[in-house]
Amino acid sequence: SFINEETPLFKWGIYIRPPIKNIKYNNLTLLGDAAHPIVPFVGQGGCLALEDAYIFGNLLIKYDSDFNKTQNVYEALRVKRIKTIANMSLRQGYLNHISNPIIVFLRNIVMKYLPSLAIRSVREKIWSYDPKEEIRNLK
């Protein structure tokens, strides 16, 4: 077989950093993991990176390549969403790694029998997000 008892296995930690307050610095704008390295428990790192690029590019068009205006609006839009997703991911990581057997049992019951309740915040805060609408609502 490809993997056997002699196959070396490695274990890497998952680290967090303090929440980022700014994603623009003079003429530098952070997108993707540079702007928001978050824990992987809701699987949104790549999605946020795509949103970043989409929104930044569309803001450049909207503001006729006014880089400073684009940076300021981009930061205002993205920091709030980044914090929301980062907090959701941390919370999900905590829920995934609970060790109390009673709480694990209750969590699993909710996931099995009330899945719509279990994923409600994901549906409302992640899946229903519309970057086009976000840009359209700008003044």
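Predicted model: local features only at pLDDT ≥ 70, side-chain atom pairs only at ≥ 80, totals over all residues.
Trainee: How many aromatic pairs does a search of the whole structure find?
Mentor: Residues are numbered from 1 along each chain as its sequence is written, while side-chain values use heavy atoms, with hydrogens and water left out. Rings of Phe, Tyr and Trp (its six-membered ring) pair if their centres lie within 6.5 Å. On that criterion, the number of aromatic pairs in the whole structure is three.

Trainee: Why is the pair of Phe-10 and Trp-12 tilted?
Mentor: Planes under 30 degrees apart count as stacked, over 60 as edge-to-face and the rest as tilted. The ring centres of Phe-10 and Trp-12 are 5.6 Å apart, and the pair is tilted because its planes stand at 40°.

Trainee: Which class describes the pair of Phe-56 and Phe-67?
Mentor: The centres of the Phe-56 and Phe-67 rings lie 5.9 Å apart. Their planes are at 75°, so the pair is edge-to-face.

Trainee: Which helices does this pair link?
Mentor: Helices are DSSP runs (H or I, at least four residues), numbered from the N terminus. The two residues are 11 apart and join distant parts of the chain, with Phe-56 in helix H1 (residues 45-62) and Phe-67 in helix H2.

Trainee: Is Phe-56 buried or exposed?
Mentor: Buried means under 20% relative accessible area, exposed over 50%, and partly exposed in between (1.4 Å probe, protein chains only). Phe-67 has 32% and is partly exposed. Phe-56 has a relative accessible area of 10%, so this residue is buried.

Trainee: Which residue has its charged end over the ring of Tyr-129?
Mentor: A charge sits over a ring if NZ of Lys or CZ of Arg is within 6 Å of the ring centre and within 35 degrees of the ring normal. Lys-69 lies over the face of Tyr-63, at 5.2 Å from the ring centre. Over Tyr-129, at 3.7 Å from the ring centre, sits the charged end of Arg-81.

Trainee: Where is confidence lowest in the protein chain?
Mentor: The chain has a mean pLDDT of 91, and 99% of its residues reach 70 or more. Confidence is highest in strand E2 (residues 28-29), at 96; a strand is a DSSP run (E) of at least two residues. At a mean of 82, the lowest confidence is in helix H4 (residues 115-118).

Terms used
pLDDT = per-residue confidence, 0-100.
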